[in-house]
Amino acid sequence: MTYLSTRGAAPQLSFDDVLLTGLAPDGGLYVPEVYPTLDPSVIEGLRGRPYIEVAEVVIRPFSPEGDFHLEDAYRSFAHPAVTPLVQTGAEDFLLELFHGPTLAFKDVAMQWLGPMFSSRLAAAGRRMTIVCATSGDTGGAAIEAMAGRENISICVLHPNEAISNVQRRFMTTVESENVLNLAVEGSFDDCQRLVKEMFAHDAFRQAVSLGAVNSINWARIVAQTVYYVTSSLTLGGEGRLVSYCVPTGNFGDIFAGFVAKQLGAPIGQLIIATNENDILDRTLRTGRYEVTGVVKTQSPSMDIQVSSNFERLIHAASGGDAELVTSLMGALKQSGSFTLPDAVRARMAEDFLSFRVSEEAVSARMSKTFSETAMLVDPHTAVGLEAAAQARVEGLKGPLVTLSTAHPAKFPDAVKTATGREPSLPPGCRDLYSREERFEVIGADLESLEKRISTGFGTAE
Ligand SMILES: *Cc1c(COP(=O)(O)O)cnc(C)c1O
């Protein structure tokens, strides 16, 4: 399997190279040359098998070589099913993706990237300094996955005093010599800009061997494909298709559903659930992708301006037209918008539906879910549940799975305001509030940042 850039002007790479590369040098995202399929009998044979066995078979076509270290990756999950299904209605289900160490679905991919990075770097005799900017969940998941790994250092930038207590503590209470937490005096956009500038600074990039784990990393998509396969086989098959409603930000999670459908899993509609940051809902409905400002919501992990992974769908839905992707992304950079060709939008509409959920509807859905089922759900999951309800009103039939992307205790304030109940942390992390925090506050300028990272991590306070 070789991988090429969605913009068609970068060298083709193997899976292991793509794993360690991130963004393609032409600014595009890596995608497989051909989306793999599994034989129907192989797919059927996976029904009811343990998560790790399914993962082994699902990941293999994307990376024909090497050990995947799956036991090592998923040992840290608090539930033996890794991603258990819970029934909430006659044909309605929640897929709980929050049983990893930082209580959000990003752990599912990140816990796998940890051992994969370690083994592939060791084989190549390399080490790497991972730098990432976070507005909340990614940083914690990345630190938890990379802490204590010999050939990796990780530095996470978060906007000082602008993330929630729980989110910050998941990052800053990890005691490890290879972890550096920096609280940047600025916004999340400043953090992201600084990371981009570091990557563009060749001398620094090479000196510290800079690496990335952001959501455009192809391996993260592959890891997320697995739970679509396990759950669709549990509920569907033999002509019965399972639809998915996915709380969406950067379009990584739902794109994994699209990849699972290409593999041959019994998947019907993929429903994009957005909060008030609704660029994808508008695009699906009108064909026009247009950047407006970001608004702050109760579901901060979906507060995005552009949805990076959507570029992969444009590439796939246009039959791999790299020239089209390049010109649309050029227009986006120039003028902040582009319009999808009709044929491309029609192709997307075969697989995707979309709904936008207002802040009031998110709160109402958390409250309604609690009063009807006694379950507390986090605000991201509530966006999904509300979109799923709207899809039912519009006539969607058959089994429908909403992805539950975070544990309610990760967003206690929003949950308490909507339901009057304080969600409690699961047993494994009850000491989160008593553990000592380690982070340094730093100005939002490249020079001091690069100096701090070059100084080494062991001395971090
Ligand atoms: C990251 C995240 C999302 C959005 O996922 P994408 O892959 O960016 O679409 C939704 N919910 C939670 C809790 C997240 O952390």
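The ligand is surrounded by 15 residues, a residue being near when one of its heavy atoms lies within 4 Å of the molecule. K106, D137, G249, N250 and T405 are the closest of them. The model is predicted, so local features need pLDDT of at least 70 and side-chain atom pairs count only at pLDDT 80 or more, while totals for chains, interfaces and linings use all residues. Residues are numbered from 1 along each chain as its sequence is written, and side-chain values use heavy atoms, with hydrogens and water left out.

**Ligand surroundings**

- Polar contacts are pairs of N or O atoms within 3.5 Å; in one, an oxygen atom of the ligand lies 2.5 Å from an N or O atom in the side chain of K106.
- The side chain of D137 has an N or O atom 2.7 Å from a ligand oxygen atom.
- A polar backbone atom of N250 is 2.7 Å from an oxygen atom of the ligand.
- On its own the ligand has 380 Å² of accessible area, of which the protein covers 97% (Shrake-Rupley method, 1.4 Å probe).
- The shell around the ligand consists of five nonpolar, seven polar and three charged residues; Ala, Val, Leu, Ile, Met, Phe, Trp, Tyr, Cys and Pro count as nonpolar, Asp, Glu, Lys and Arg as charged, and the others, Gly among them, as polar.

**Annotated domains**

- An unreviewed UniProt entry places "domain: Threonine synthase N-terminal" at residues 2-69; such annotations may be inferred rather than shown by experiment.
- Residues 2-69 are 31% helix and 9% strand, and their end C-alpha atoms lie 21 Å apart.
- UniProt (unreviewed entry) lists "domain: Tryptophan synthase beta chain-like PALP" at residues 95-326.
- Residues 95-326 are 47% helix and 18% strand, with end C-alpha atoms 36 Å apart.

**Sheet and overall form**

- The protein has 19 helices and 15 strands, taken as DSSP runs (helices H or I, at least four residues; strands E, at least two) and numbered from the N terminus.
- An open sheet of five strands runs in the order β8-β5-β6-β7-β15 with parallel pairing; strands pair if DSSP finds at least two bridges between them.
- β8 (210-211) and β15 (440-443) each have a single partner strand, so one side of each lacks a neighbour in the sheet.
- Six parallel bridges join β6 (residues 152-159) to β7 (residues 179-185), and V179 in β7 is the bridge partner of I154.
- The C-alpha trace of the protein spans about 60 × 50 × 45 Å along its principal axes.

Methods: A polar contact is a pair of N or O atoms within 3.5 Å; within protein, one must be able to donate a hydrogen and the other to accept it, and residues adjacent in sequence count only if both atoms are side-chain atoms.
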